[in-house]
Amino acid sequence: MYKDTKFIAIIPARGGSKRLPRKNILNLNGKPLIGWTIEAALKSKYIDEVMVTTDDDEIIDISKKIGAKVPFKRPAELSDDTSLRPKVIKHTLDYYKHQKEINFDYLIYLQPTSPLRTSDAIDKAIEYMFKKQADAVISVCKVEHPLHWSGSLPDNKDMKNFLSSFAIRSRSQDLEKNFRLNGAIYICDVRKFYEQSCIFLKENIFAYEMSQDVSVDIDTKIDFLFADFLMGIRY
């Protein structure tokens with residue numbers, strides 16, 4: 001099933017980050033943050049090409065030393081805060097197709113801000129995709145608190161309409177379970193991606209559930225410290 005199927009892992013890593021400066025190369029439990037994702041992708045049984053797309057020279061050097069391919073420096077117009085994921089992916093796939101004459105069957109988008117995601121999780125997500133005969137699989141985890149216990153507040157913080165009567169009467173275990181994107185794994189059929197210019201396909205797309213303890217998505221210093229704590233327990 002996998003023998004003639006070509007997978008490319010695309011790891012996006014801009015040099016700029018406003019909330020946590022230089023986060024992609026900060027030292028997390030003994031190695032640069034991006035190193036955890038590169039190594040997980042390299043250990044996958046199925047991924048044929050592990051590449052990093054970045055605009056930053058230091059990230060290029062670090063990524064190459066760890067073992068990832070960095071075949072180009074990402075152009076400035078795809079490297080600011082407003083750059084959209086589909087454009088970054090298309091730029092990468094187009095480069096391989098036209099400059100290296102290499103076509104891939106599936107893309108696996110792996111954000112370096114999910115360092116607790118392992119090679120085993122990547123491989124299981126790929127196997128799950130084939131089991132479901134899906135065109136795309138995206139990782140999720142359970143929401144930490146019931147959505148029924150959240151709501152909007154007016155400026156004066158009046159809570160009289162904050163929760164429904166149902167939510168007030170219910171125990172957390174009795175409420176419907178909800179899920180959120182955890183940012184760790186995005187897999188998509190390349191042909192379908194080109195057709196829809198998006199990895200969130202309109203149909204034949206399924207969720208791959210991961211546990212909350214491996215679903216930390218680093219965006220702030222608190223996220224980073226929490227991930228470092230969990231890494232310390234694991235290793």
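Author: Contact means heavy atoms within 4.5 Å. Leaving aside neighbours within four places in sequence, V52 is in contact with I11, A13, I34, I38, I59, S63, A68, K69 and V70.

Reader: What kind of model is this, and how are residues numbered?

Author: The model is predicted; local features need pLDDT of at least 70, side-chain atom pairs count only at pLDDT 80 or more, and totals for chains, interfaces and linings use all residues. Residues are numbered from 1 along each chain as its sequence is written, and side-chain values use heavy atoms, with hydrogens and water left out.

Reader: Is strand β4 buried or exposed?

Author: Terms first. Buried means under 20% relative accessible area, exposed over 50%, and partly exposed in between (1.4 Å probe, protein chains only). Strands (E, at least two residues) and helices (H or I, at least four) are DSSP runs, numbered from the N terminus. Now the case. Five of the five residues of β4 (residues 49-53) are buried, so the strand is largely enclosed by the rest of the structure. E49, M51 and T53 cover one side, V50 and V52 the other, and all are buried.

Reader: Which strand pairs with β4 over five bridges?

Author: Two strands pair if DSSP finds at least two bridges between them. Strand β1 (residues 7-12) pairs with β4 in the parallel sense, over five bridges. V52 in β4 is the bridge partner of I11.

Reader: Which residues touch the most other members of the largest nonpolar core?

Author: A nonpolar core is a set of buried Ala, Val, Leu, Ile, Met, Phe, Trp, Tyr and Cys residues joined through side-chain atoms within 4.5 Å. The largest has 46 residues, and V52 and I185 touch the most other members. Elements that each supply at least two of its residues include β1, β4 and β7 (179-189). Another core lies apart from it, with 18 residues, among them L93 and Y109.

Reader: How many salt bridges are there?

Author: A salt bridge is a side-chain nitrogen of Lys or Arg within 4 Å of a carboxyl oxygen of Asp or Glu. The count is 13. One of them joins D219 and R19 (2.7 Å, N to O). D219 lies in the loop between β8 (205-209) and α7, and R19 in the loop between β1 and β2 (27-28), so the pair ties together parts 200 residues apart in sequence. R19 is exposed, at 62% relative accessibility; D219 is partly exposed, at 25%. R19, K23 and D219 are linked in a network of salt bridges.

Reader: Where do E195 and K192 lie?

Author: Both lie in helix α6 (residues 190-196), three residues apart, about one turn of the helix. K192 is buried, with a relative accessible area of 19%.
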